[in-house]
Structure formats: structure tokens, C-alpha cells
Amino acid sequence: MAGELRHRRAPEPEDVGEVPSSGGKEEGAEEWRGKKRDALGWLEWGRGWMAVVGEFLFQRIAASHLANPLELPPLEGVSIIVTGATSGIGLEIARQLAQAGAHVVMAVRRPKVAQELIQKWQNENSETGTPINAEVMELDLLSLDSVVKFADAWNARMAPLHVLINNAGIFAIGEPQRFSKDGHEEHMQVNHLAPALLAMLLIPSLLRGSPSRIVNVNSIMHTVGFVDAEDMNLTKRKYKSWLGYSNSKLAQVKFSSMLHKRIPAEAAVNVICASPGIVDTNVARDLPKVVVAAYHLIPYFIFDAQEGSRSTLFAASDPQVPEYCEMLKSEDWPVCACISYDCNPMNASEEAHNLETSQLVWEKTLEMIGLPPDALEKLIAGESVQCRYGQQEAE
């Protein structure tokens, strides 16, 4: 890998949220639940914001050793689904993977835009004579029915899937709280719930493509998030857009970590969260105009989309990533593999190491996306699973 594993810090006991040891397991769990927090402590919150500021100020220096664009290995015969592939980081990810020979599926809300992009790439590659192997499938993450429909359509091909890249996301800074037609806060649905459902339903295809990977594009903002499994839609406390975003990204890390722990090693389906850095893309399209103007005045500190795509491309293609994931699984590491914007292993936040809250987020997420508690085990065993959405069985 580009980074060495010694950069990964072993979690302290308080980081992993150990259940108190007094009494039996159930008694300890009850004692823990009685001490349940409803927000980050001041020290954790402060360290999280220091990480955000530090990334903003120093990301370009820390990633100066990386090639731009990142060099990719030949990817002929590799099938990769990329969500949100018509703009920003997702567009760069899809373009570079396709140019490296991969079969890229652009999972997008606007199929016409994606088709135009593919034609553009074909024209650009006409001189080399290398055809672009890309296709478009419609997917709207604000509709869980759409997620099920997409997964059913792909699984019906009985084709292997080697990499799922959950890239699409929203960050509606300064906007009022909004809910999807499924009844979920939009940040939580687009950034966490819909990608989680997509990953779960595509397990059969990922098993056919094993060794395979699920790469979730995350954010340093997860370090200032706190997920209450009983209030994932943020209806019990005052809503702030940055809180909705950071909580959704932390929920994604927690769910990814539980998925990482629960997939048997022999299945060889690896789960990775990748942080792109602070990137100038239209994920900030909902920022106030004044903030957008300031955002564009500081290009030295902020990555462009091509620079921001590197960590995800690395997580999706580097041959040593599966070895790293396997090592974390064998060490019973409490968090899935996390790759930083400089393509080095990184530590998730202290709260991300809390196994108890991660378990609660896992259970609540499955409930919210309409899957039974044993869905993963059934899908790995090749059994059908009934999803509340889509009105069809995910097989």
C-alpha cells in the first residue's frame, strides 16, 4: 500500500465503548445503556474539529507524494458500479476506471447526462482505439424502491460484481431539514441508508465476483458526528445541516464496520471507507452563495475532483487493500478499513470505535431499510430475503 500499517493507532478501551465488566454480559449491557450519551464529549468534539481543520490546511502537503491522476492497474474484466457518476468525484472515478479497462456501471439519477459523458469519453479515446466499456443504469437514492429495483436488475444478470463504489452524497449546508418520500432525513438516506441497502442487496453479485470490495466514500466530518440509533432522523433535537451530514457519515462508518465484522473471511467481500479530502465539487451546490464564493477563493487548500478521486480509486484497485482488510479482520479490529485522502491507512473517530453503538446502528439501519435482522446471513447462504421496499424479493 501507499502507507504503512503502523500508522494505524490501536484504540484505547474508552474508544471502543467496552461494556462494563461487572456482572454478566446482559447486566453489563444494561449498565451501559443506562449511561447512554446523547452527544460527543467536549474533548472528542474538539479533537474532531481539529481533524477537520488540519485536513483543510495540510491535505495538499500530505498528499504531495501522490501522482495526479493516480496510476491504476489494468482493470479489464473487472465490473464496477459507481453511484453519483455524473459530476464531481464520481465522474472522475468512473472516467478513470473506464479508461483503465474496467466495465463501469454508472448508477445515476440522470441517465441522459451519463450517456452523454460516455459518448464524450468514447470520442476522446477514439485516437487510441481503446473502447470505453461503460453503461448507465438509473438509480435514485432518495427512493429506497429505486435502490431495490436497481439491485434486482443487476442481480438478475447473474453476473459477478467486483467493486461497488458508494460515492453519491449530499451536503445541504444551511438548508432546512428535509425528508425523503420514505420518511427519512435526506442526509441520512442518501449518505447512509440507501448505500447500505444497495450494498446488502448486491451481496449475491459481490459473492460471485469474490474477491470483491465495497468502497464507501466517507468524510473527515464523521469525526464530529454522533449517531443516536433511536433518533437517526434527527427529530428529537434541534436540526443543523452540518449535524445531519456528519451524523450520516458516522452512521456509514459504523454500519460498514459491522458489515466488515459479520462477513465471513472466506467470502472475501471487503468493506472500505475512503476519505477524499476536502474537495471542490458540487456536493457544495446547496451552500449559500457567499460561502460558495469564498470556497472558490481558496483553491490552494482544496482538492479538485481528480485529486479527490485518488483515495477511492486506490481503495477500489490497489492489490494490497484486501490483505489490509484481512489483517484487520484477523485482529478483530473494531472498525473497517479506512483509507485517507493521501492513500494511507487512517483511524476513524473515537466514537466510530464504539462497538455497542455500532451494533445499535446496525440493527436500526436494517429496520429502516426494510430488511430482517438475519438478512446478511441469508444472502451469504444464497437464500432469498424479503425487503419491505420494491415489493420484490432480493435474491
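## A loop residue, N125

Leaving out residues up to four places away in sequence, N125 touches Q99, T130 and I132, where contact means heavy atoms within 4.5 Å. N125 sits in the loop between α4 (111–124) and β3 (134–138), helices (H or I, at least four residues) and strands (E, at least two) being DSSP runs numbered from the N terminus. N125 is buried, with a relative accessible area of 11%; buried means under 20% relative accessible area, exposed over 50%, and partly exposed in between (1.4 Å probe, protein chains only).

This is a predicted model, in which local features need pLDDT of at least 70, side-chain atom pairs count only at pLDDT 80 or more, and totals for chains, interfaces and linings use all residues. Residues are numbered from 1 along each chain as its sequence is written, and side-chain values use heavy atoms, with hydrogens and water left out.

## S241 in helix α8

S241 belongs to helix α8 (residues 241–262) and is buried, with a relative accessible area of 8%. Apart from its neighbours within four places in sequence, S241 is in contact with F171, A172, I173, G174, E175 and H187. A polar atom of the S241 side chain lies 2.7 Å from the backbone nitrogen of G174.

## Helix α6

Helix α6 (residues 186–201) bends by about 30° at L193, with a proline, P195, following within four residues; the bend at a residue is the angle between axes fitted to the seven residues ending there and the seven starting there. Of the 16 residues of α6, 16 are buried.

Conventions
Polar contact = N/O pair within 3.5 Å; in protein donor to acceptor, adjacent residues only side chain to side chain.
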